[in-house]
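Dear colleague,

Please find below the structure I promised to pass on to you.

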Amino acid sequence: MVVKAVIAEDEELLRTALASLLRDVWPGLELVGECEDGASALETIAEQQPDVAFLDIRMPGLTGLEVAQALAEVSPHTQVVFVTAYNQYAIDAFEQGAIDYLLKPITRERLLTTVQRLQQRGNGHPDAATLAALLRRLGAQAQTPTRPPLVWITASTGKDTKLILVDDVAYFRADNKYTVVMTAEGEALLRTPLRELLEALDPQGFKQIHRSTIVNLKAIASVTRDDTGRGIVKLKQRPETLIVSQPFMSLFRGM
């Protein structure tokens, strides 16, 4: 029986190396997605419904922990293997036996042990309470001092350059090589890619609601759900609405 898997790792060399090792030790495995950030991982998992997801704990935007928390709704049968360079996170996970870890650099022998554990569990998935408790512990351990969140950005409007207070931004939207910065007054262009913005913005104030959109929570007037399960965001000072892709609704609900 073919087993489907998704890899989410923001470092291309590590992602490629893990994919190569998996093909070596698990011939019956089909890689249906290789993702470089948490947002694309969540959407790919929701679409492909893989049996296993290998999630790097630290990725731009949604972390591996946040993606795992959302899987209870978008793909409940998917088993999770966290990938991390920080071995202090691993002890609880190994003892619980509900979620496995791969420590970087990943060795063939350790991966083979993980594959054997996954095969023995079959389609088994830890119950929601066990998973939630484990993720809370891992989340607490993963907190490290970070630089202060971004306060100002410099963006262009035509030939002019503007200094924009981040709190005045309604949302950011990826647009080819640029990021569109939308405020009540209009739009400006920023050369910083969306994934870099995610690392610099305050995660308590800005949330990714789509692979290409980050919204300022203070700018939201309301959120409703349509018949397809997507969210519709109405803004306080902008006439347009924004789409929350269905996989992100589970994260949005707890805000």
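In this predicted model, helix H1 (residues 12-25) and helix H5 (residues 108-121) have axes that come within 10 Å and cross at roughly 60°. The crossing of H1 with H5 is right-handed. On the H1 side, the residues in contact are Leu18, Leu21, Leu22, Asp24 and Val25, and they meet Arg108, Leu111, Leu112 and Val115 of H5. By class, this contact comprises seven nonpolar and two charged residues, with no polar ones.

H2 crosses H3 in a right-handed sense. The contact is formed by Gly38, Leu42, Ile45 and Ala46 from H2, which meet Val67, Ala70, Leu71 and Val74 from H3. Seven of the residues in this contact are nonpolar and one is polar, while none is charged.

Turning to the protein as a whole, the chain has 255 residues, of which 45% count as buried. The protein contains eight helices and 15 strands. Among contacts with a sequence separation of 6 or more, 57% are made by residues 24 or more positions apart. The accessible surface amounts to about 13100 Å², and carbon and sulfur atoms account for 50% of this area.

Is Met182 buried or exposed? Its relative accessible area is 5%; since buried means under 20%, Met182 counts as buried. Leaving aside residues up to four places away in sequence, Met182 touches Val169, Ala170, Tyr171, Arg173, Glu187, Arg238 and Glu240. For one of these contacts, with Tyr171, the C-alpha atoms of Met182 and Tyr171 are separated by 5.5 Å, and the two residues are eleven residues apart along the chain.

The peptide bond from Lys104 to Pro105 is cis, with omega near -5°. Pro105 lies in the loop between strand S5 (100-103) and H5, and H5 is the helix that packs against H1 as described above.

Gln49 is not a glycine, yet it has a positive phi of about 50°. Gln49 is located in the loop between H2 and strand S3 (52-56). With a relative accessibility of 28%, Gln49 counts as partly exposed.

Asn176 likewise has a positive phi without being a glycine, at about 55°. The relative accessibility of Asn176 is 78%; because exposed means over 50%, Asn176 counts as exposed.

With kind regards

How values were computed. Residues numbered from 1 in each chain as written. Predicted model: local features only at pLDDT ≥ 70, side-chain atom pairs only at ≥ 80, totals over all residues. Heavy atoms only, no water. Left-handed = near helix turned anticlockwise from the far one by under 90°. Helix = DSSP H or I, 4+ residues; strand = E, 2+ residues; numbered from the N terminus. Contact = heavy atoms within 4.5 Å. Nonpolar A, V, L, I, M, F, W, Y, C, P; charged D, E, K, R; others polar. Buried < 20%, exposed > 50% of the residue type's maximum accessible area, 1.4 Å probe, protein only. Areas by Shrake-Rupley, 256 points an atom, 1.4 Å probe, with all protein chains shown as cover. Axes fitted to C-alpha atoms, helices over the stretch in contact; angles between N-to-C directions.
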